[in-house]
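User: I am new to this structure and would like to learn how to read it. Please show it to me and take the features one by one.

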Amino acid sequence: MRGERTAATGDKGRAKIARQVVLPWAKSLEISLKNIRVRFFRSLVTVASLVLAVAFLSFTLTGGEVASGLLGTGSPELRAALATAGYDLPAAGADGETQRPGASPKERWIVMLSLLVCTVGIVNAQLMAVTERFREIGTMKCLGALDRFILRLFLLEAGIQGLAGSVIGTLAGLAIGLATGLVRFGWVGVAEFPVAGLWRVLSVSIAVGVGLSLLGVVYPAVVAARMRPVEAMRSQE
């Protein structure tokens, strides 16, 4: 009986220690926001690159939605104007979902390249951030921080930066796309803009931006999480 009580007490003690080591998400978010404020200018560079890439994506999607709204009017003049502007138009007489003009191949390639360059830039910036924070990571690990806590910090920071950059870039690209449609096609280019298209532009652009930010931080975060405390503390001596 005494051995059973001792084992039970030991199990409770280990469970209590485990609960003490795991920090709540609110505390992790607070630490992530503090780290972003401390490294504000580096975070600003990462966010700026994301803003540019997402803004171009949002601009391209907005142009497609403007063209879709104009094509839906059935006006031959607007169809000719869209063809002159370089849109890939569906066959004449198509209706429904098939009446969705696409961007030119050149625009699609530029969008993909800009997103790829943005992802590479995020990976590079996060790897440099890991290098600068060796001692901080080692200190947290010496104090009992688990690998998943380090991973969570980097993912939260990337998520916050990605959300901020995606929202700013999406709104900027949307505004520029609508302004371009207004200049090219007149007021009808904005008046015929579909409401569903607005939500598509917002959801796709923000989702892609946040996804790229998280994708770019996965490898640096894993490197930081797997780092041994002794190596982290020795690296800046």
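Analyst: Start with the elements: helices (H or I, at least four residues) and strands (E, at least two) are DSSP runs, numbered from the N terminus. In this chain there are 10 helices and zero strands. From the N terminus on, the order is α-α-α-α-α-α-α-α-α-α. The model is predicted, so local features need pLDDT of at least 70 and side-chain atom pairs pLDDT 80 or more, while totals for chains, interfaces and linings use all residues. Residues are numbered from 1 along each chain as its sequence is written, and side-chain values use heavy atoms, with hydrogens and water left out.

User: How much of the chain counts as buried?

Analyst: Buried means under 20% relative accessible area, exposed over 50%, and partly exposed in between (1.4 Å probe, protein chains only). Of the 237 residues here, 37% count as buried.

User: What does the side chain of Thr60 reach?

Analyst: A polar contact is a pair of N or O atoms within 3.5 Å; within protein, one must be able to donate a hydrogen and the other to accept it, and residues adjacent in sequence count only if both atoms are side-chain atoms. For Thr60, the side chain reaches the backbone oxygen of Phe56 at 2.9 Å.

User: How do I read the packing of two helices, for instance α2 and α7?

Analyst: Axes are lines fitted to C-alpha atoms, for helices over the stretch in contact, and angles run from 0 to 180 degrees between N-to-C directions. The axes of α2 (residues 25-38) and α7 (residues 147-185) come within 9 Å and cross at roughly 60 degrees. That makes α2 oblique to α7. Angles under 35 degrees count as roughly parallel, over 145 as roughly antiparallel, 65 to 115 as roughly perpendicular and the rest as oblique.

User: Which residues make the contact of α2 and α7?

Analyst: Contact means heavy atoms within 4.5 Å. From α2 the residues include Trp25, Leu29 and Ile36, and from α7 they include Phe149, Arg152 and Ile160. The residues of this contact divide into nine nonpolar, four polar and two charged. Here Ala, Val, Leu, Ile, Met, Phe, Trp, Tyr, Cys and Pro count as nonpolar, Asp, Glu, Lys and Arg as charged, and the others, Gly among them, as polar.

User: At what angle do α3 and α4 pack?

Analyst: Helix α3 and helix α4 (residues 76-84) pack at about 150 degrees, with their axes 8 Å apart. That makes α3 roughly antiparallel to α4. Ala67, Leu70 and Leu71 of α3 meet Leu78, Arg79 and Leu82 of α4. The contact has five nonpolar residues, no polar and one charged.

User: And how do α3 and α7 cross?

Analyst: The axes of α3 and α7 come within 6 Å and cross at roughly 35 degrees. Their contact divides into 13 nonpolar, 14 polar and no charged residues.

User: How far apart in space are Leu52 and Ala172?

Analyst: Their C-alpha atoms are 9.1 Å apart, although the two residues are 120 apart in sequence. Leu44 and Gln161, 117 residues apart along the chain, have C-alpha atoms separated by 8.5 Å. Among contacts in the chain between residues at least 6 apart in sequence, 83% join residues at least 24 apart.
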